[in-house]
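Open the model in your viewer and keep the sequence panel beside it.

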Amino acid sequence: MKLTISLLFVAAVALAQDRAGADRLMQAYQDRVLTESTSSLKTDDHISMYQTLVKAQPDVLHYQNLLAGAYIQKVRETVDFSYLERAHQVLQNVLSQDPKNYEAQRLRTEIALERHDFHAAAQYSETLTQQAPNDSWNWGTLGDAQTELGNYDKAADAYQKMMNIRPDLSSYNRAAYFRFLYGDVENGTKIMKMAIAAGSPMKENTAWCEVELGKMYLKTGKLKEAEDAFSSSLRNFANYHPALSGLAQVQASKHDWKSAIANMKRAQASVPMPDYAAALYDYYTALGDTKEAKKQKEMIEVIDQVGQAAQEKANRNIAIIFADHNWNPGRALELAQNELEVRGDVYTYDALAWALFKNKKYAEAGEAMKKATRLGTPEPAFYYHAGLIENSLGHKDEARELLKKALELNPAFDQAIATLKELS
Amino acid sequence: MFNTIRRTAALAAIASATMFAASHRNGPLLLDDQTANLNDLYVFRSYETGKSDKVVMSMSAQGFQNPDNGPSYYKFSDSVLYRFNINNQRGLDGRPDYQIDFVFQTLLRPNPTFVSYFGALKGIDDPGIFLYQTFVVVVRNLATNTAQFFTTDANGHALSVAPPNLGPKSTPNYEATFGQPSVFTLSNGWRVFAGPRDDAFFFDSGATFDTLNFRAPAPILTGAADTDAGGAASPTAVDGFAGYNISLIAVEVPVTYLSADGTTPTDPTKANAKAGVWASTHRQIVTLRPSPQDPIHYGNYVQIDRVGNPLTVEALIPLPLKDFWNRSEPANDQQFAQYIGNPFFASGVLNGVFGLKVPPAPRNDILGVYVPDMTKIDLTIAPTPIASQKRLGPLAGDNAGWPFGGRRPIDDVVDIGFRALAGVLVNGFGVAPNNQLGDGVNQNDVPLLTRFPFHAAPHSGYKHSQVEGTNGKGQPTGQ
C-alpha cells in the first residue's frame, strides 16, 4: 500500500538524522506522510495538530508552513480574516529565517490574493512559475490574479498550463469559470461537473465547486438544477454559507420568501456578509415586513461604517448594494471607482457602470458597461444594468433588446420583467 | 435597533467579514487528489478451481475507506479513466501494447432521503441504491489501433458497481447478494468486477510509525515467527490496514491474451513467456478558450498516477520527483535508475540504522525488478493452489508470487521488499538476518476469497461502528 509504507520513512528519518545529520530529501518525506495521513481530518483538527508540532519543533519551518496552510483553509471556510492575519505572521516568521522557502512563498501568494493585492500576487506567482514551471499551483494563482486584474488572455495562458500539467478539481473549476465568463454556459457547466467528479479530500473544496455550478444554473434560469447543486453542496459540507445563500436565492426566485429568509439567515449567522443582509432586506420588503427589513439595512450601514473606519476605500459588493437600493449613490460610486485601482475585471466594470448610472453619469456608465460586457458573460444583471443605461441615453430599442437578453438568460428576473413592461 | 446593540461585540464579528467583503473568486488549490490515487496492483495466474488458464489483474484505489462513511460512501470518480497497461512485446520495454480502460458513470436515482442507499436492499438492481454507478470497459490493441467497447455483460445487464456493505439490515448476506452478482462476464468471456472490498494489504504501520518500534520478535523473524502463512509472526503485531476497505477494479483474462503470440507459453526462455503490467489513472485536458482555429474543446488524457510494483514511490523515488514520476511512462524509467539502483532505505536505514551488510550500489537486482516499473509475470509458472501458497513467494520457493510470478493478494510484499532491499537476491547476501526481516504481520486480517475477484468482501459499516470490540477488524466479511 503506497500510503503507509511512506510512514516507514518518518521513522527512518528520525533515526537517520541522529546518525547522519538532517537530509533535506528525508524531511520532504515527512511532508507527504503528514499530508496523506491527515487529509481526512477537519480543518480545526489540522490547526491544533500543526500548532502542537510547531510548539514541539519550532526549528522545523515546514510545520509552520503547514500551519499557515491550515489557517488559510479556515479563512476559505469561515471568511474569518483573523486567521489570515495569523497565517501571515507565521509565514513572515518562516521567510525571515529562510527568504527562499518555497512553500512559504507559495502560501504568501494565496494571502496576497485573499487581501486583494492582485498585482503582488501576479508578481509572486510569475517568479514561482519560473522557479518551478511544473508546479500547477503557481500557474493557478497566476491565472487567479490575472483574472481579477482583467488580463484575461494572460489568465487563460496560465490556466491552460495549469490544466496541461494536471487536470483536477483545481484546474477544472477554473476552466469552467473561464468558459462561463466567455459565454459558453454549456461547457462551463459540463466542466464544473468534471471538477466535482474529480473531488478533493477537503469536503469544502467540492462543496465550493457545487456552489459555483449552482450559481451558473441560477444565472441562466435553471432553478431546479441550481437547487440540486446547492443542496448537494450542503450535503457535502454542512451549513456552508454560500450554498445556503444560493438556496435562498433559488427560493426567492420562486417568491418563496419565508424559505428564502430562513436559509439566508442561516448563511448570515455563519458569516455576516453585506450581500446576505441586502438579500434579506429585499426578502423582508417583499413580505411587507418593514421592521425586519430596516434592521438589515442598518446592518449594511454598520458594515460600511466599519469599513470606512478601517479606511477601506474599495468595495464593489457594497457599491452594488447601495446602487441597487438607491442608498447613498455617492458612496457607491466612490467604492466602485476605488475598486478599479485594485482590479479591472468585468464585475468591477459592471459595479462601476451601475454606480455611475445611479449618479446620472450616463455616458460614462455606457463606456464602463461596454467593458463589463466585452466577453459576453452571461450575467443577467449585466444586461439589466446595460438596458437601463442605454434607455437613459435615449436608445430605447437597444434597451429593450438588452432587457430581453437578461430575461432570456434568467426568465425569473423580476426587475427586468417590470422594466421591460415600462419600456414597451 | 442595531445602532443600540453593544457595539464592540457586534463590530468585532462584522469587522473581519467586511474588511474584505468585496469577494474575489478564491478557487480551491489541491494538496491531495484522492480519487485519482492508486494504491496497489495485483497480477497473477488464477488459482480458482478450473480457471488456471486465466490471469487476474486488479487495482485498488482510495485506500483507508471507513466502512461506515455514510451517508454518501465512496465511489469511483466519473472524471477519472482507470487503465491497465500491458506490455508483452520487444522484450518488455515498458511501452504498452494493450490497454484495458474502465470509465465510470454515476446515476443519481430519484432520492426521497438524504442517504445514498436506503432500506433492505434485495440485490444489485434494487431501486434503493440511489447512488448507482455503472462502467464501460474499453479493450485497446495499440498495434492494430483497434478498440472494443463493453457497456453490458453477455446477458445485456449493465456493468454496475457493487454497492457498499452497509450492514446486516440493509445489505444482508452481502457477498452472495451483492458481491458475486457484481462479477460480470463480458461477451468475449472475460470477467470483470468493480466495487468496495477489504484492503488485502497488511502491514504493522503503527509500530513502524513509532520510530521502528517493532513488536518483538519483529523485525527479525526466526523459527515459528517466520510462518509461511496463517498465524501472526508476533502475537502482538497489528495490521494497520485491518478493518478498512478499498475500491477494487478487477479483470480476468485468458493467459493467451497476455502472451506475445496468443498461445499458451510453456518455455520460460521464449519471448512469449512474460508480460509486464502497470495501472494508471488519467484525466482529460479541457481547453480554456474556444477559438475558431482550435475547435477542440476537450483534449488529451493526462496521466495523474501510476503503480507498477509495490513500494516504488515509497522506497525508491525521492519525494521532489514524485509528481514527475507519476506523470512519466515506464518506458522512460531509466531516468530514475540512479535513485532506484541506490535506495536510501538500504544504505540509510538497513545499513545505517540496523548495521546490516547490504550489497553495494548500483543494485542491479533492484533495477531488474523496478526498471521499467511494471509487475512482471512469468506466464509459464503454474498457479500455486491456495493451500500451498507461501506469503514470501519466490523467497520461500513459491514462484507464482511477487516479484517473479506477478503479485498475489497473499504476497507479503513488505517482508519480501525488506529482504530484497537487504540483498537476499544477490549472491552472498541471502544470510541472516537479511533473510529474516519482517514487520511481524504475516497475513491479511480476513481470509481472502478463493475465487474472482479474490479480495474479501468489504467490511460492513454496521460492524465498523460498534463501540465495544474490534471495529470489525479480523471478523469475516460478507455474511
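Two residues are in contact if their C-beta atoms, placed from the backbone, lie within 7 Å. Keep that cut-off in mind for the later stops. The model is predicted.

**Stop 1: the whole chain.** Select chain A and colour by secondary structure. There are 25 helices and zero strands in chain A. Its radius of gyration is 23 Å, close to the 22 Å that the globule rule gives for 424 residues, so chain A is as compact as a globular protein of that length. Turn the view along the principal axes: the C-alpha trace of chain A spans about 85 × 45 × 40 Å.

**Stop 2: burial and contacts.** Of the 424 residues in chain A, 59% are buried. Among contacts in chain A with a separation of 6 or more, 45% join residues 24 or more positions apart.

**Stop 3: two helices.** Select residues 203-219 of chain A, which form helix H13, and residues 241-253 of chain A, which form helix H15. At what angle do H13 and H15 of chain A pack? The angle is about 20°, and the axes are 9 Å apart. Angles under 35 degrees count as roughly parallel, and H13(A) and H15(A) are therefore roughly parallel to each other. Their crossing is left-handed.

**Stop 4: the contact itself.** Show side chains for A:Ala207, A:Val211, A:Gly214, A:Lys215 and A:Leu218 in H13(A). They meet A:Pro242, A:Ala243, A:Gly246, A:Gln249 and A:Val250 in H15(A). The residues of this contact between H13(A) and H15(A) divide into six nonpolar, three polar and one charged.

Methods: Residues numbered from 1 in each chain as written. Chains lettered and ligands numbered in written order. Predicted model: local features only at pLDDT ≥ 70, side-chain atom pairs only at ≥ 80, totals over all residues. Helix = DSSP H or I, 4+ residues; strand = E, 2+ residues; numbered from the N terminus. Rg over C-alpha atoms; globule rule 2.2 N^0.38 Å. Buried ≥ 20, exposed ≤ 12 C-beta atoms within 10 Å, placed from the backbone. Axes fitted to C-alpha atoms, helices over the stretch in contact; angles between N-to-C directions. Parallel < 35°, antiparallel > 145°, perpendicular 65-115°, else oblique. Left-handed = near helix turned anticlockwise from the far one by under 90°. Nonpolar A, V, L, I, M, F, W, Y, C, P; charged D, E, K, R; others polar.
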